[in-house]
Amino acid sequence: MKLRTKYILFVVILHLAALVLTYFIFDDNKIFFIASEVVILISIIISLQLYRQLIQPLKTLMQGVDAIKDRDFNVKFLSTGKQEIDQLVDVYNQMMDELRTERTRQEQQHFFLEKLIFTSPTGIIILDYDKNIQQINPKALQILGMDANLVTGYAIGQLSHPLFEQIKLLQSGETIVVKPDGINTYKLQKSHFIDRGFSRHFIMIEDLTIEILAAEKNVYGKVIRMMAHEVNNTVGPVNSIMQSALKTDRLWEGHQFNTLKDALQVAIDRNQNLNHFMRNFAELVKLPSPNKRLIDLHQLINVVSKLLGVKADEKEITFEFSLSEGQFYIVADEQQMEQALINIVKNAIEAIDQKGKVTFQTDISRKSLVISDTGTGINAEQIANLFSPFFSTKKDGQGIGLTLVREILINHGFEFSLKTIAEKQTEFNIIFN
């Protein structure tokens with residue numbers, strides 16, 4: 001029973017009892033009866049005043065309790081002029097101010113954290129209490145190449161992706177560096193935090209490709225400069241001596257020296273090839289920053305196909321084109337992109353023994369270019385090293401071509417991948433984002 005009901009019931013019973021008692025003195029003493037009735041009336045008025053002074057403020061405070069339940073921290077009460085009630089009102093108003101300030105601070109922190117996660121250059125995946133993906137930021141979606149609705153609500157083990165295969169093996173607090181496609185390098189870190197008394201996990205995916213590339217370039221740049229210095233210092237004087245010897249006619253009088261003369265010429269030519277070899281490596285190190293402008297990719301594909309058409313005809317290789325209608329504009333350095341496409345198509349031609357086709361396919365809506373060939377294909381181990389400097393699957397390969405392609409595409413900020421699909425068909429995919 002509520003306090004208000006108890007109070008009203010008490011007052012009613014008390015005054016009814018008084019009325020009954022005064023009834024018995026009605027006949028004996030009418031003046032005393034009238035006085036009693038006046039007293040009872042005054043008592044009723046006083047009881048109503050007490051009800052307003054005691055019960056009504058409590059009712060008001062109960063409204064404040066309801067406001068707290070509804071998380072409405074903007075409700076405040078005015079002073080009543082009564083000391084006891086005003087003390088309660090002051091405490092309530094102070095509590096509401098503190099709650100409102102705390103909620104504002106938490107909302108600001110939550111907004112900042114959400115903004116930080118959303119704009120973070122590191123991929124972040126947050127799991128719920130059941131270890132299902134609850135939140136994933138744009139960078140993680142970009143790295144994974146997946147849509148949010150395809151991963152949200154699923155457990156890591158339910159999703160098919162090379163990075164997820166590595167993530168599900170991680171324990172909280174562990175960190176590993178992986179290279180799932182042979183091109184990009186990622187650092188995976190799993191950790192946890194406490195949310196409302198329970199542990200929740202999150203995964204951070206950091207793209208180290210640019211840093212690794214810069215470190216590799218710095219290392220092999222030093223090696224190439226040292227090699228170029230030693231080779232040039234050796235080749236130049238040796239060639240000069242041999243050329244001087246070849247130009248001295250009296251040394252070659254008689255036919256018995258023709259073999260030696262031819263051998264010297266072969267040595268000179270070989271030195272020139274070695275010098276050209278070192279220049280190729282030097283170009284890889286000295287690759288300038290791209291001079292980007294608007295270019296038509298379809299026109300560039302046409303130029304590259306004509307340039308390598310003769311080389312393809314020698315092996316009875318045909319070019320097939322499946323290009324989107326109209327012009328396909330991208331922002332890139334035309335010379336560097338042309339060199340990258342030449343290296344890709346040249347590799348495709350060299351991967352085909354005899355008779356085959358190289359296909360060019362563009363999709364303007366996806367901003368993509370796919371160059372595929374019907375060659376011998378490549379295995380997973382080769383893919384993992386194919387873009388590394390000095391690595392080549394060809395017998396006389398220098399390991400420069402695809403390394404230069406990687407440098408150019410990464411400097412432009414383009415995504416790319418290389419894989420073998422059905423029937424050993426190799427596919428090189430570029431996304432111009």
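A residue is called buried if its relative accessible area is under 20%, exposed if that area is over 50%, and partly exposed in between, as computed with a 1.4 Å probe on protein chains only. The model is predicted, so local features need pLDDT of at least 70 and side-chain atom pairs count only at pLDDT 80 or more, while totals for chains, interfaces and linings use all residues. Residues are numbered from 1 along each chain as its sequence is written, and side-chain values use heavy atoms, with hydrogens and water left out.

**The whole chain**

Of the 433 residues in the chain, 36% are buried.

**Leucine 159**

Next, select leucine 159, in the loop between helix H4 (138-144) and helix H5 (162-167). Is this leucine 159 buried or exposed? With a relative accessible area of 9%, leucine 159 is buried. Contact means heavy atoms within 4.5 Å. Apart from neighbours within four places in sequence, leucine 159 is in contact with Ile133, Leu150, Val151, Tyr154, Phe164 and Glu165.

**The five-stranded sheet**

Now display the open sheet formed by five strands in the order S2-S1-S5-S4-S3, with antiparallel pairing. Strand S2 (133-136) and strand S3 (175-178) stand at the edges with a single partner strand each, so one side of each has no neighbour in the sheet. Strands of a sheet pair through backbone hydrogen bonds; here, two strands are said to pair if DSSP finds at least two bridges between them. Select strand S4 (residues 186-195) together with strand S5 (residues 198-207): they pair in the antiparallel sense over 10 bridges. Within this pair, leucine 188 has isoleucine 205 in S5 as its bridge partner.

**The hairpin of S9 and S10**

Move on to S9 and S10, which form a hairpin with four residues between them. In the turn, lysine 367 has a positive phi of about 55°. The two strands run antiparallel and are joined by six bridges.

In strand S9 (residues 356-363), select threonine 359. Threonine 359 counts as buried, at 15% relative accessibility, and stands opposite serine 372 in S10. Not counting residues up to four places away in sequence, threonine 359 touches Glu320, Val370, Ile371 and Ser372.

How many of the six residues of strand S10 (residues 368-373) are buried? Six of the six are buried, so strand S10 is largely enclosed by the rest of the structure. Ser368, Val370 and Ser372 lie on one side of S10, and Leu369, Ile371 and Asp373 on the other. S10 also pairs with strand S12 (residues 425-431), in the antiparallel sense and over six bridges. There, isoleucine 371 has phenylalanine 428 in S12 as its bridge partner.
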